[in-house]
Amino acid sequence: MAAESRPAPTPLLKDELDIVIPTIRNLDFLEMWRPFFQPYHLIIVQDGDPNKTIKVPEGFDYELYNRNDINRILGPKASCISFKDSACRCFGYMVSKKKYIYTIDDDCFVAKDPSGKDINALEQHIKNLLCPSTPFFFNTLYDPYRDGADFVRGYPFSLRDGAPTAVSHGLWLNIPDYDAPTQLVKPLERNTRYVDAVMTIPKGTLFPMCGMNLGFNRELIGPAMYFGLMGDGQPIGRYDDMWAGWCTKVICDHLGLGVKTGLPYIWHSKASNPFVNLRKEYKGIFWQEELIPFFQQVTLPKDCTTVQKCYIEISKQVKAKLGKVDDYFNKLADAMVTWIEAWDELNPAGAESALPNGPSK
Ligand SMILES: O=c1ccn([C@@H]2O[C@H](COP(=O)(O)OP(=O)(O)O[C@H]3O[C@@H](CO)[C@H](O)[C@H]3O)[C@@H](O)[C@H]2O)c(=O)[nH]1
Ligand SMILES: [Mn+2]
């Protein structure tokens, strides 16, 4: 008897997740991701010259926004969306209607695990996001919810339900996400180490969030994922994801949400120019010595019960405490408020998260 031909399983979160890609180039890299990404809706944020045509391989379902679209949709509030910097990607988070987001850079490709198997990074992020985190007590055997692992002896049973996972932070083989000084000192260093682990970043601990291989629950933490004022006309760049990560982690800690880091890996193929990066980063390299203590000391009142309220409170503290570091932080604090206003305008409270996609191309 012919074996029953079973229909292929529906990809996890097929209609509940958008893939956001910031780009200045044609998206040929999608060919390598096709087996994993094709079932999903893409939101492409085209940076730079809006008159340039970005070629997207056939067969992908996507919506594309360039600077003209951002200005048309947000009007004066478009001032909070960076130009000529990957920070523009956060516009994609704002216009999405889905519960989950995965964002990836266009120079990130499918990596292979030690067995030589292609890594479906999206699938691993989804697994990370769909299972709880353990921010309140560290499990020394890493992710206790993973097949073949569990909570170790001494782990309180009262904490074994864990916390909802808001963020899944993936890593990179080949070109590591180093800052410019490190890149300059170690131009040939490549990350060849595949660590088979997913860990929850403990409550009260900040981390350097990289935006090139990142998943998050948009309904739980979306409004905190503002990538700041970077790039054109700004004194700093390449701190977009860092800023978002620090705000996100403080808010996750306050709201009892989890942030995971580790698997999945992608293959980061292109090292950006370290001298250009140094020019973008240098103010951030000394500012961050004041920013980290600031975020470590941020306290959010009990009545900050939503991400938006937390975010507005942080913006007030940014203005009060960082405005004296540099006037840039006064502008950033204002842009944080504009971001929340724009977010709430495009995502009125109670709007169904599973609304149909935006205008597909
Ligand atoms: O002006 C620009 C430049 C680039 N992009 C798009 O953004 C991503 C990342 O670009 P790239 O790979 O060139 O830069 P990296 O240095 O590797 O980026 C990492 O560093 C951080 C910089 O903020 C960031 O978190 C990582 O992404 C690509 O998709 C480019 O096409 C852009 O939109 N605008
Ligand atoms: Mn890159």
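## Strand β8 and its partners

In this predicted model, Thr103 has Leu214 in β8 as its bridge partner, strands here being DSSP runs of E with at least two residues and helices runs of H or I with at least four, both numbered from the N terminus. Strand β4 (residues 100–104) runs antiparallel to β8, and five bridges join them; two strands count as paired if DSSP finds at least two bridges between them. Strand β6 (residues 165–174) also pairs with β8 in the antiparallel sense, over three bridges, and Val167 stands opposite Phe216 in β8.

In a regular strand, side chains alternate between the two faces of the sheet. Both faces of β8 are covered, with Asn213, Gly215 and Asn217 buried on one side and Leu214 and Phe216 buried on the other. A residue is called buried if 20 or more other C-beta atoms lie within 10 Å of its own, exposed if 12 or fewer, and partly exposed in between, with C-beta atoms placed from the backbone.

## The largest nonpolar core

A nonpolar core is a set of buried Ala, Val, Leu, Ile, Met, Phe, Trp, Tyr and Cys residues joined through C-beta atoms within 7 Å. The largest one holds 91 residues, of which Phe91, Ile221, Cys247, Ile251, Tyr311 and Met336 touch the most other members. Helix α10 (residues 328–346) gives the most to this core, with nine residues.

## Basis of the model

Residues are numbered from 1 along each chain as its sequence is written, while chains are lettered from A and ligands numbered from 1 in the order in which they are written. Because the model is predicted, local features need pLDDT of at least 70 and side-chain atom pairs count only at pLDDT 80 or more, whereas totals for chains, interfaces and linings use all residues.
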